[in-house]
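Subject: Structure handover

Hello,

Here is the structure for your work. My notes on it follow below.

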Amino acid sequence: MRVSSLIPGIEISTEKEDRICYSYDASNTEAMLPLAVAWPKNADQIVKIVNFAASNNYSIVARGAGTGMTGASVPQSNTIVISFEKMRKLLDVDTKNMTVTVEPGIINGKLQKELEYLGFFYPPDPASLNNCTIGGNVATNAGGPRALKYGVTRDYVMGIEAVMPDGSLISTGGKTHKRAVGYDLKDLLIGSEGTLALASKIRLKILPLPEDMMTLMVFFNSLESSGTAISKIITSKIIPRTLELLDKSAIEAIENYRPIGLPTDVDAFLLIELDGYPATIKKEAERIVDICKSFGGEAIVAEDAMASERLWEARRSLSPALYHIKPTKINEDVVVPRDKVPIMLMELRRLSESSGIKIISFGHAGDGNLHVNIMVDRSNKEEFARGMELVTRIFEITLKLGGSLSGEHGIGLTKAPYLGMEIKQREIELMKGIKAVFDPRGLMNPGKIFG
Ligand SMILES: Cc1cc2nc3c(=O)[nH]c(=O)nc-3n(C[C@H](O)[C@H](O)[C@H](O)COP(=O)(O)OP(=O)(O)OC[C@H]3O[C@@H](n4cnc5c(N)ncnc54)[C@H](O)[C@@H]3O)c2cc1C
C-alpha cells in the first residue's frame, strides 16, 4: 500500500491498485474507482478525513469488509473510501452489565470467539461472520441463522458513537438496557447503510453462553413438505436457535464444491440447532423429529460439535459454491411470513422451471428469510435480462404474500430501483427528509437506498 500525504497524519492512498481493491463488494455490482482510500485509526482521524472530503465536495463511502450483497459500499463518482481495517479493537468487556464496546472494524467472528472464551455470546451471526465487520453489520442491520431465536443486530446495539457529515462527533444510546429519552438516533443509524453518519465506536449487548446445544439434520423428499414442517415446528411452540433450509440444487452445489456427504437424491435439507438446558433440548429434539416424520422427513442428530461445525462450514460455503454453477448469481434475500414459506418455495420452483433459469434457494427459512439465487451469465445479455425479469416477478410474489424485499442484506445500489414497490411515496419522502437533516449536502454514500 502506498501512502499519499493528502491529509497530514492520515494513512490515505490515491494509487490505482488500492483504488481498485476498494471499488467493489460481494454483489458483483459494476465497480467505480474511488479517488482515494483512507484508513483512519480513531474518531479524530475520521473527523479529519470527513472535513477534508466536505471541503473539497467529495463524497464518502464507509467500508467494513466489502461482504455486502447490494453494492452498498461500492463507491460512486468523486468518492473517498473510508476503510475501518485499522479500527478493529475490542475496547471493553463489561461482564457485570453484559455489554461490550468495540471499534467498527472488528470482525464479527473474532468478537464471537473472544466472548466464548469468557462464557458469553453475541448472537447475530451472518454467514459471512469470519470476514464481515460489526460496523458493516450495524449499517445493514445484519441477521443470520440465529436471528430466529435471538433477533438481529438492531436488538443488540446499545449505543453508537458516530462522525456526522459536518465533522461533528455524536454519541447515541448508552450503557443502560432501557432508555426513553427523545428520538432514538441510534435506531436511525442502524440499517442506514452508511448514508447518515460513520460509526466510530459501538456498544453491544451480550448474553451468557447457552448451557448446551444440539444439531439436527432433516432430509425431505418434498420441498413443499419441508416448508410445512417448518411452520409446524414453530407453531408447536419450539423456537430453535436456527432453522436453515437448503433446496436440492443448494445441496448439489455443496456436494460439487466441497463434498461433506450430504445425500443428493433428496428434495430439501433442514439444518436445525437447539440450545438451552440439556433436558429441554432433548424434549424439543424429540418433538421436532416427530413433526418432521409426520411430513415424511428423516432426521439425524449430528454426532458431536465437530460434525456440527462441518455442517455449518458447508452451509457458509454455499454462496461461493454457487459460482461453480454459473458465473453470475443475482442474489436476493426476500422474506415472507413464516406460514407462506411453502408457497414461496413452490412459486420459486415454478418460476425456475418455466423460465429455464436455475433458481437456487436456501437460507433462514425459520424466520421466512430466503436467499434466492438466480444463476445466469452476465456476458449473455439475453439470459441476464431474463434473470432480471425474474427478480421483478419474485419481488411481486413476495409482496403479494405479505413479505419484504430484503430480510437482512439491505437496499444499497442493486435494490434501489425496486424500493418504491414496497415503500409508499409518503414514507420515502419521510426517509429522504431524515437523510437531509443528517446530511444536507448529500456527501454520505450517495446513490444508495434511494437511487
Ligand atoms: C458469503 C456471504 C454470506 C452472507 N451472509 C449473510 C447473513 O447471513 N446475514 C446477513 O445479514 N448478511 C449476510 N451477508 C451480507 C454481508 O456480509 C452483511 O451485509 C454484512 O453486514 C456486511 O458487513 P461488511 O463489514 O462486509 O460491510 P460492507 O459490505 O463493507 O458495507 C456494508 C454497508 O455498511 C456501511 N458501513 C460499513 N462500516 C460502516 C461504519 N463504520 N459506519 C457506517 N457505515 C458503515 C457501508 O458503507 C455499506 O453501506 C453475507 C455475505 C456473504 C458474502
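Asparagine 57 sits in the loop that joins α2 and β3. Helices (H or I, at least four residues) and strands (E, at least two) are DSSP runs, numbered from the N terminus. This is a predicted model: local features need pLDDT of at least 70, side-chain atom pairs count only at pLDDT 80 or more, and totals for chains, interfaces and linings use all residues. Residues are numbered from 1 along each chain as its sequence is written.

Most residues other than glycine have a negative phi. Asparagine 57 has a positive phi, near 60°. Asparagine 141 also has a positive phi, about 50°. Asparagine 141 belongs to the loop between α4 and α5 (147–150).

Buried or exposed: which is asparagine 57? Asparagine 57 is exposed, with 9 other C-beta atoms within 10 Å. Asparagine 141 is buried, with 22 C-beta neighbours inside 10 Å. The cut-offs: buried means 20 or more other C-beta atoms within 10 Å of the residue's own, exposed means 12 or fewer, and partly exposed is in between; C-beta atoms are placed from the backbone.

**Domains and ligand**

The protein is divided into domain 1 (12–83), domain 2 (90–208), domain 3 (210–324) and domain 4 (326–440). These bounds come from an automatic or database domain assignment.

Where does the ligand lie? Domain 1 and domain 2 both give residues to the shell around it, so the ligand lies between them. There are 36 residues around the ligand, and Gly64, Gly68, Gly135, Gly136 and Gly194 come nearest. A residue counts as near if its C-beta atom, placed from the backbone, lies within 6 Å of the molecule. Elements giving two or more residues to the shell are β3 (59–63), α4 (134–140) and β10 (198–205). The largest share, five residues, comes from α4. By class, the shell has 15 nonpolar, 17 polar and four charged residues. Nonpolar here covers Ala, Val, Leu, Ile, Met, Phe, Trp, Tyr, Cys and Pro; charged covers Asp, Glu, Lys and Arg; the others, Gly among them, are polar.

The C-alpha centres of domain 2 and domain 3 lie 28 Å apart. Their contact takes six residues from domain 2 and 10 residues from domain 3. Contact means C-beta atoms, placed from the backbone, within 7 Å. The domain 2 side has four nonpolar, no polar and two charged residues.

**Sheets**

Four strands form an open sheet with mixed pairing, in the order β1-β2-β4-β3. Two strands pair if DSSP finds at least two bridges between them. β1 (12–13) and β3 stand at the edges, each with a single partner strand, so one side of each has no neighbour in the sheet. β1 pairs with β2 (residues 36–38) in the antiparallel sense, over two bridges. Serine 13 stands opposite valine 37 in β2. Helix α2 (residues 43–55) lies across β2, β3 and β4 (79–83), at about 175° to β4. Axes are lines fitted to C-alpha atoms, for helices over the stretch in contact; angles run from 0 to 180 degrees between N-to-C directions.

A second open sheet has seven strands in the order β15-β12-β14-β13-β17-β18-β16, with antiparallel pairing. β16 pairs with β18 (residues 369–376) over five bridges. Lysine 329 has methionine 375 in β18 as its bridge partner. α13 lies across β16 and β18, at about 160° to β18.

Regards

Conventions. Contact = placed C-beta atoms within 7 Å.
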